[in-house]
Each structure stands twice: as C-alpha cells, then as structure tokens.
Amino acid sequence: MFDNPYSTAVLAWYETNARDLPWRRDDATPWSILVSEIMLQQTPVARVLPAWEAWMRRWPSPAHLAEEPSGEAVRMWNRLGYPRRALNLHAAACAVVERHGGEVPSSHADLLALPGVGAYTAAAVASFAFGQRHAVLDTNVRRVLARAHTGAEYPPKTQTKAEVALAESLVPPDAAVAARWAVAVMELGALVCTARSPACAECPLSAQCAWRLAGKPAYEGPPRRGQTYAGTDRQVRGRLLAVLRESPAPVPKSALDVVWQEPVQRERALDALVADGLVDPLDDGTYALPH
C-alpha cells in the first residue's frame, strides 16, 4: 500500500516556493529539459541559467546541435566545468537525430540508452518532460530523505539499494502527482534542506523530520571534504580549454604552454584533454577543439 507521509506538506510548500526556471515552464521542450539536466550536474542554477539560455538560442533542437562539430559544443560550454558533459550532449543530440527522428524519446529505456544519460537523468527527463512516474534521486533528494526519514544528517557517499527502495516507495501512484513530487522534494533540498545550513524553521517537514527530532546528530560517516580547484589538474585543463575556446583557429603549442608554469602538470592535463576527446592535436603541431 502506498504511504508517503511527506507528500502533502512538500507539494504544498512547492506550490508557493518553487523557483520560476525556464526549463520548468509549460512551454519547455523535452530537449530543453534534457539540456538543463546535463548542465545542472555538479553546477548550481545561477551558473547554469545564462549558459542554458545561450545554448537554447543557438541550438533549439537536437538537430541544430547535431549539425555542428562537437568542438562547438565544448566552446559554448564555456566555464560550466566538467566539459565532457558538452561532448555527451552533442553525442546525445546525434543519437536522437539518428535513432528517434530528432525528437527526444519519451521511453525511459530509450533515454537511458542515450550517450551520457545515466539513471538519474533518464528518470528526471521522463518525469519532467513527459510526466511519467519514476523515482528521481539526486543529491538534494537523497539528503532530504536521509534527514526526514532515516535520521542521518547526510546520505551515504555512494547511493545504496536501500535509498532507491525508499525513494521508489514514496513515489505517488498518479503519474502527474509523481512528477510534481519529484521536482518538489528536489527543490526542498536545494533551497531549504541544504547541505551546510539547513533552514529547519522554514521546512514543511520540520515537525516530522527524524533528524531534527533526534536532536540533529552529527554525521558519523567518512569525512566530507569539499572539492578543491586551485592548483589542481582541473584548473589547468580549464585554462588550456579557455585558450582553444577563445581562438577561432587552431593554436600553436606555445599558446598553451604560457597558461601554466609547471610543465609536468601542464602536459598531464593536456594529455588528459586529448584522451577525453576534448582537444585535437593536429598534424602540423597545433591544437584545436574537436571536429
């Protein structure tokens, strides 16, 4: 028997507190929702919004993107980070054109088969674009359920079968309500039940939250270390890609060498970009975005 003790409160809260985001509007296309979900992986909404708007102006459909080289997707990705996502989106657009006549498929299985689309993204697009009934389990949802239901400050580092089973047990039986629940609990985690500063006084689940009722016990799992960026290979990769994005033509190696003084790390970062398909080393010794 279905029993979700949280849905009424969360859905009512979402009705009055949801952010007005373009990929949530009634006129949002499945493609625009897929783009938003890929961009929002590990990147906050404030940074995604202008990038998403620019992307959709240039490539309003999968066919528009598929017509261009993958390097243009990397160029447009700009500084969103984790630029392999740009290649994945380009590959997904090509697959949509080749396999589905240019229309993002509604089938969860077909979505999952697209390049770069994992379990979360397939469930999210099926729910938000097509109003289907799926458990949508991202970092925000995992944190809300860990606190409200399990009584832990944070979920396990790696998603568990128990988490999936809990999320699935809470999905409302009506597909339309289920899709609303999915986005509502995600929004609650993003705005109220945040990782570092949960606003428990504003939370619709405060009265029934197991973690709050237990006195907010401290997290006892492995240390949670914030991601560093300065001085890392990620920073070097970003600087190398910035040179290529800003140049309309291939660049000489000397143009890349000046962005980072430590040669071993610089070469390692460049080799990784080549291996990931984000940079093409050309026969004349220059470098370019992929074609």
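Residues are classed by relative accessible area: buried means under 20%, exposed over 50%, and partly exposed in between (1.4 Å probe, protein chains only). The model is predicted; local features need pLDDT of at least 70, side-chain atom pairs count only at pLDDT 80 or more, and totals for chains, interfaces and linings use all residues. Numbering starts from 1 along each chain as its sequence is written, and side-chain values use heavy atoms, with hydrogens and water left out.

Salt bridges are described first. Side chains of opposite charge can pair when their charged atoms come close. A salt bridge is taken as a side-chain nitrogen of Lys or Arg within 4 Å of a carboxyl oxygen of Asp or Glu. The structure contains 14 salt bridges. One of them joins the side chains of Asp 20 and Arg 25, with an N to O distance of 3.0 Å. Asp 20 is exposed, at 58% relative accessible area. Arg 25 is partly exposed, at 39%.

Helices are DSSP runs of H or I with at least four residues, strands are runs of E with at least two, and both are numbered from the N terminus. A salt bridge links the side chains of Arg 58 and Glu 68, at 2.9 Å from N to O. Arg 58 belongs to helix α3 (residues 45–58), while Glu 68 sits in the loop between α4 (62–66) and α5 (70–77), so the pair ties together parts that are ten residues apart in sequence. Both partners are partly exposed: Arg 58 has a relative accessible area of 30%, and Glu 68 has 25%.

A further salt bridge pairs Arg 75 with Glu 72, whose closest N and O atoms are 3.1 Å apart. These two residues lie three residues apart in helix α5, a separation of about one helical turn. Arg 75 is partly exposed, at 24% relative accessibility. Glu 72 is buried, with a relative accessible area of 17%. A network of salt bridges links Arg 58, Glu 68, Glu 72 and Arg 75.

Rolling a probe the size of a water molecule over the atoms shows where empty space is left. On a 1 Å grid over the protein atoms alone, a cavity is a set of points where a 1.4 Å probe fits but cannot get out; lining residues have an atom within 4 Å of a point. Grid points are joined across faces, edges and corners, and a volume is the space filled by probe spheres set on the points. Two cavities of 30 Å³ or more are counted by this rule.

The largest cavity holds about 100 Å³ of space. Its lining comprises 14 residues, with Arg 147, Cys 193, Cys 200, Cys 203 and Cys 209 nearest the centre. At least two lining residues come from each of α9 (139–150) and α12 (210–213). The largest share, three residues, is from α9. For residue classes, Ala, Val, Leu, Ile, Met, Phe, Trp, Tyr, Cys and Pro count as nonpolar, Asp, Glu, Lys and Arg as charged, and the others, Gly among them, as polar. The lining of the largest cavity has eleven nonpolar residues, one polar and two charged.

The second largest cavity holds about 70 Å³. Its lining residues include His 134, Leu 145, Trp 181 and Val 185. Two or more lining residues are given by each of α9 and α11 (175–191). Here the largest share, three residues, comes from α11. Eleven residues of this lining are nonpolar, one is polar and none is charged.

Note on methods
On a 1 Å grid over the protein atoms alone, a cavity is a set of points where a 1.4 Å probe fits but cannot get out, and a pocket is an open set with protein on both sides within 12 Å along at least five of seven lines; lining residues have an atom within 4 Å of a point.
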